[in-house]
Amino acid sequence: MDFQNISKKYKEIKSPVIDFAIHGQSGNSLESFTELLKKEDTNSEKILKRFYIIYLVVLFIYLLVFVVNPDSELNLKTRISGGCYVLAFLIFLRMLQKMRKRIKSINYFEAPKAFLNHAKERFSLWTKQQLPLIPFLVLINTGASLSLSNYFESFGIMNGLLLFQLIFLVLIIFGFLMGRREWAIKKKPILLKINEMLLAFEE
């Protein structure tokens, strides 16, 4: 099935979000939709690149200041904390690298159904490529707990640690909700369109 036949098949599918995104065009062809996905993928790749550069700089700062720094005043706990941060940043950088590589390797000329299935994975809220976020957060939590442990004494070590874990959990939930809100505004309408087009293949 070629692009022209599929375009005819989807002429009756209306999507104000897509129409608006394609400079107000009224057509809903797969070709136009593909162009929209290209723009979104390009924008995502640019964002990932910015994050990559930022975290790469931060990684080297933490490595130099908290790990390889010969200053005798840096105790073992501080160095372990810094090592946790460095490992976390390495994991995050690797994840960003893989996500950028996936975007750069997109084949916009593959079979339409396969193309849409791959696009569906990219625009989903959660994918398996984001699994490294789990060890990333665990290491950040560990590093932060170690570096702030001196401040827990006024609450009691255990109480202070539990309080920090609660604050950390609230921050994670808040970050997730903000990320989900951003996804719902920018990505979800496109994902719904992709699902709508995939359903048409089953008819």
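How do the residues of the lining of the largest pocket divide into nonpolar, polar and charged? In this predicted model, the lining comprises 18 nonpolar, seven polar and nine charged residues.

The secondary structure of the chain amounts to eight helices and zero strands, and the order of elements from the N terminus is accordingly written α-α-α-α-α-α-α-α. Of the 203 residues in the chain, 34% are buried. When contacts between residues at least 6 apart in sequence are considered, 71% of them join residues at least 24 apart.

The largest pocket has a volume of about 1500 Å³. It is lined by 34 residues, of which Met-99, Leu-125, Gln-130, Leu-133 and Gly-179 are the closest to the centre of the pocket. At least two lining residues are supplied by each of helix H3 (30-67), helix H4 (76-104), helix H5 (112-122), H6 and H7.

Leu-125, one of the residues closest to the pocket centre, is located in the loop between H5 and H6. With a relative accessible area of 28%, Leu-125 is classed as partly exposed, because this value falls between the 20% limit for buried residues and the 50% limit for exposed ones. Beyond its neighbours within four places in sequence, Leu-125 is in contact with Gln-130, Phe-176, Arg-180 and Trp-183. Gln-130 is itself listed among the residues closest to the centre of the pocket, and Trp-183 is one of the buried residues of H7. The C-alpha atom of Leu-125 is also separated by 8.5 Å from that of Ala-184, although the two residues are 59 residues apart along the chain.

Helix H7 spans residues 157-186; its 30 residues reach 43 Å from the first C-alpha to the last, close to the expected 44 Å. Gly-160, Phe-164, Phe-168 and Trp-183 are buried in H7. Residues three or four places apart in an α-helix point the same way, because the helix has 3.6 residues a turn. Gly-160, Phe-164 and Phe-168 are among the buried residues of H7, and the cover over the buried residues of this helix includes helix H6 (133-148) and helix H8 (188-202).

Both of these covering helices also have spans close to expectation. H6, with 16 residues, reaches 22 Å between its first and last C-alpha atoms, against an expected 22 Å. The buried residues in H6 are Phe-136, Leu-139, Ile-140, Asn-141, Gly-143, Ala-144 and Ser-145. H8 has 15 residues and reaches 22 Å, close to the 21 Å expected. Ile-190, Leu-191, Lys-193, Ile-194, Met-197, Leu-198 and Ala-200 are buried in H8.

Nonpolar side chains tend to be buried together in soluble globular proteins. In the present model, the largest nonpolar core contains 35 residues, and those touching the most other members are Phe-33, Leu-37, Leu-116, Ile-140, Ile-190 and Ile-194. Two or more residues of this core come from each of H3, H4, H5, H6, H7 and H8. The greatest contribution is made by H4, which gives eleven residues.

Arg-100 is found in helix H4 and counts as buried because its relative accessibility is 15%, under the 20% limit. Apart from residues up to four places away in sequence, Arg-100 touches Glu-45, Leu-48, Lys-49 and Tyr-52. Val-58 lies in helix H3 and, at 24% relative accessibility, counts as partly exposed. The C-alpha atoms of Val-58 and Val-86 are separated by 8.7 Å, with the two residues 28 residues apart along the chain.

Conventions. Residues are numbered from 1 along each chain as its sequence is written. This is a predicted model: local features need pLDDT of at least 70, side-chain atom pairs count only at pLDDT 80 or more; totals for chains, interfaces and linings use all residues. Side-chain values use heavy atoms; hydrogens and water are left out. Helices (H or I, at least four residues) and strands (E, at least two) are DSSP runs, numbered from the N terminus. The expected span of a helix is 1.5 Å times one less than its number of residues. Buried means under 20% relative accessible area, exposed over 50%, partly exposed in between (1.4 Å probe, protein chains only). Contact means heavy atoms within 4.5 Å. On a 1 Å grid over the protein atoms alone, a cavity is a set of points where a 1.4 Å probe fits but cannot get out, and a pocket is an open set with protein on both sides within 12 Å along at least five of seven lines; lining residues have an atom within 4 Å of a point. Grid points are joined across faces, edges and corners, and a volume is the space filled by probe spheres set on the points. Ala, Val, Leu, Ile, Met, Phe, Trp, Tyr, Cys and Pro count as nonpolar, Asp, Glu, Lys and Arg as charged, and the others, Gly among them, as polar. A nonpolar core is a set of buried Ala, Val, Leu, Ile, Met, Phe, Trp, Tyr and Cys residues joined through side-chain atoms within 4.5 Å.
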